[in-house]
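Please read these notes with the structure open beside you. They go through a few features one at a time.

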Amino acid sequence: MVAVGNESLCMEAFRSKYKVIRGGLKRKPVKNASPISQSIKKARELIIKGACYLVGDEKSIDIWLDPWVPWLEGFKPSPKDTTIPIQHMMVSNFIDKHNRQWNVIALAIIFDDISVEAVRKIIRSSLLCQDKFYWIKEYTGTFSVKLAYKISQEHKTIINHGVNWSKLWKLKIHERLKILMWQIESNTIPTKQNLEVKIGVQAIWFGCCWGLRSLWLNVANNEDIIKLVINPPIQSSASSNVLEKVKIQTFIQIALILETIWNFRNQVVHDDTKPKISSTIKNLEHKNMEHVDATTLQNAVQPKEIGRWKKRPHGTIKLNIDASLLGSKSTLAVIARDSNGEIIWEETKKVLTMDPTVVEASALLWATQLVVCKKLQHCIIEGDAKTCIDACNGSIEDCPWPLYAICQDVKSLLSSLPYVVFYWVRRDANSVMHTLAKFAPRNSCFFYCNFESLSPLMKEAWLRDVTVCI
């Protein structure tokens, strides 16, 4: 809140009491700054690693002092000629006053080529909203202590003990067993007797249905025990699918045996009892069956419902959108169909953006603009990019920062279109759009056709959808 410069009675009182100055990210701390202000300044180097402006009305961003280009190091552009003294200018000096687009000639005079290309990637809203501060290390743009701590630890040397922890956490076993594995490797199990020694309980190992001899296991320390679970010793010439199932069953059984040995030891030490080995092995086998069955059900392939074009109420126009990336350009595609599924028209156009999510959002914006231009009333706009659909349907404050400018324009247009809604559909229900975006004429920047001028490939995709229309 201090870095962003939020205006509220609380923040005004905070700045006044603790002498926290405005523009704290680019100013040096005052000599008589309070301890709290000095503490905030100590976090400055961490904050500037992820704090960046999103260009709005361009009036408050200094091109050299403020971070405003997300794709450059430090989020600041580099001068074309480093020998010329830097003159502080605002971003608004590089906007063409006539079309509100970037003035490429002015950019090329001041910045180097890499900076010019990065600046041209910045998508600006047609609305003159205020410049906003975002934490762009997080896709949502919201600052989080967890991510900030992770960034602060990047420079530290990470000691790799040889255990692939990410693989352990992804194992499809109970969380209780994962914690036990971690305790074994980190030697935090509260006993002087290491489980490494307890692995010699041969009766439990050999008494199971597979009759494993623990003396054959290559276990020299705690690390080897974890590796035994992650990469169980399996030698098989079976197919990859069968081998994967055997591997899952094996690491589940080894993890459960280790837990059984640990529980067996606790009963002897703390309860002063001697459990029967036969009962222990029987319970172990029941547990193993439960875990394997649960994993099998979880991995079972559910019958997938085939997504198709759905019939809409009479008088409704449905616009399906999609986008494809090819080379240095992207193609946006829109198909308009009536309530019977008949194609009214279809259009494509090229854009320079190469970010897949931004391209999909640009298709949504273009479809909305077409609704306004063609003066359509009852419309449904469908796409398979769930992130973009959710961003346009949700609050602008929750919008991911790369889509902020586009969503602002979409919401501005929707304010005058009360009967236009956005729906998300699965990719297999958007097959006609995939075909159009992929096989649109690659030479032209804009393409338009109607049902009579459809290509054979497009007609085939359309027939597949309509013939099973529900």
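Is E58 buried or exposed? The first point takes this up.

1. The model is a predicted one. In it, E58 is buried, with a relative accessible area of 2%. The cut-off for calling a residue buried is under 20% relative accessible area. E58 sits in the loop between β1 and α4 (104–110). Its backbone deserves a look as well: the phi angle of E58 is near 65°, which is a positive value in a residue other than glycine.

2. F75 has a relative accessibility of 7%, so it counts as buried.

3. Next comes the largest pocket. It holds about 1,400 Å³ of space. Its lining is made up of 43 residues, and R120, K121, I122, I123 and T353 are those nearest its centre. Two or more lining residues come from each of β1 (51–54), α5 (113–120), β5 (343–351), α14 (356–373) and α16 (404–414). The largest share belongs to α16, with 7 residues.

4. Domain 1 (2–153) and domain 3 (317–468) each supply at least three lining residues.

5. Strand β3 (residues 317–326) is the last item. Why is β3 described as largely enclosed by the rest of the structure? The reason is that 8 of its 10 residues are buried. Two pairings of β3 can be traced on the model. With strand β6 (residues 379–383), β3 pairs in the parallel sense over 4 bridges, and I317 stands opposite C379 of β6. With strand β4 (residues 329–337), the pairing of β3 is antiparallel and runs over 9 bridges; here I321 stands opposite V334 in β4. When following such a strand by eye, keep in mind that in a regular strand the side chains alternate between the two faces of the sheet.

Conventions
Residues are numbered from 1 along each chain as its sequence is written. This is a predicted model: local features need pLDDT of at least 70, side-chain atom pairs count only at pLDDT 80 or more; totals for chains, interfaces and linings use all residues. Side-chain values use heavy atoms; hydrogens and water are left out. On a 1 Å grid over the protein atoms alone, a cavity is a set of points where a 1.4 Å probe fits but cannot get out, and a pocket is an open set with protein on both sides within 12 Å along at least five of seven lines; lining residues have an atom within 4 Å of a point. Grid points are joined across faces, edges and corners, and a volume is the space filled by probe spheres set on the points. Domain bounds come from an automatic or database domain assignment. Buried means under 20% relative accessible area, exposed over 50%, partly exposed in between (1.4 Å probe, protein chains only). Two strands pair if DSSP finds at least two bridges between them.
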